[in-house]
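Student: Hi! Could we go through this structure together, one topic at a time?

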Amino acid sequence: MATEQEPMTPPEQPGETPSPSQEPEADEQAAALDEMRDRWRRALADLDNLRKRHAKELERVRAEERARTAGAWLPVLDNLERALAHSDSDPSAVLKGVEAVRDQAVEVLRGLGYPRYEETGVPFDPTRHEVVGVVDTPDAEPNTVAQVVSPGYGADGKQLRPAFVVVSKRQE
């Protein structure tokens, strides 16, 4: 009784061959992954463009500020040249002219946000003063500014240069 049997196919193992119901789900996941990759690439490109745009804007603002500052100093330079042109004149007139130019330069610095300070008799402040000397002054309080060698410029944490000062020392 030999009967021919039909060849049997092995039962499907999970994960080997996707069933028709699994194929659309895999396609959806692949499409979602492609969309996320596309979004990621676009976000990187946008970030790079933003960085380049910011760098250009920063350079433009710096150039404008340099031009504004240089423009504020032009009248001072003009007045110095006028003073030099009158150097053979009366010395007291030249001195008054140079003092006026200095006052104009101090005013330019004040206008740029760096007012001048050179007060004596105030307590020493290491954020505003730099000690260049110490002197024994019996009539002054210890640790006070006895003399200003070079004035400081700036205020409220925006300091261009501290004042170089001589401070009275502690009396023992």
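Predicted model: local features only at pLDDT ≥ 70, side-chain atom pairs only at ≥ 80, totals over all residues.

Student: Where is L47 found?
Tutor: L47 lies in helix α1, which covers residues 23–85.

Student: And why does L47 count as exposed?
Tutor: Its relative accessibility is 53%, and exposed means over 50%, so L47 falls in that class.

Student: OK, moving inside. Which residues are in the largest nonpolar core?
Tutor: There are 6 of them: Y117, V145, V148, A163, V165 and V167. Strands β3 (145–150) and β6 (163–168) each supply at least two residues of this core. The most comes from β6, with 3 residues.

Student: Which residues does V148 touch, leaving out those up to four places away in sequence?
Tutor: With those left out, V148 touches E118, E119, T120, F164 and V165. V165 is itself a member of that largest core.

Student: What does the second core include?
Tutor: That one is separate and has 5 residues, among them V76, A105, V108 and L112.

Student: Back to β3 for a moment. Is Q147 buried, partly exposed or exposed?
Tutor: Q147, which is found in strand β3, counts as partly exposed because its relative accessibility is 43%. For reference, buried means under 20% and exposed over 50%, with partly exposed in between.

Student: What does Q147 touch, again not counting residues up to four places away in sequence?
Tutor: Its contacts are T120, F164, V165 and V166.

Student: How many Å separate the C-alpha atoms of Q147 and G133?
Tutor: They are separated by 9.2 Å, and the two residues are 14 residues apart along the chain.

Student: New topic: sheets. In what order do the strands of the open sheet come?
Tutor: The 3 strands run in the order β1-β4-β5, and the pairing is antiparallel. β1 (116–117) and β5 (158–161) are the edge strands, each pairing on one side only.

Student: How many bridges do β4 and β5 pair over?
Tutor: Strand β4, residues 152–155, pairs with β5 over 3 bridges, in the antiparallel sense.

Student: And which residue in β5 is the bridge partner of G154?
Tutor: That would be Q159.

How values were computed. Residues numbered from 1 in each chain as written. Heavy atoms only, no water. Core = buried A, V, L, I, M, F, W, Y, C linked by side-chain atoms within 4.5 Å. Buried < 20%, exposed > 50% of the residue type's maximum accessible area, 1.4 Å probe, protein only. Helix = DSSP H or I, 4+ residues; strand = E, 2+ residues; numbered from the N terminus. Contact = heavy atoms within 4.5 Å. Pairing = 2+ DSSP bridges.
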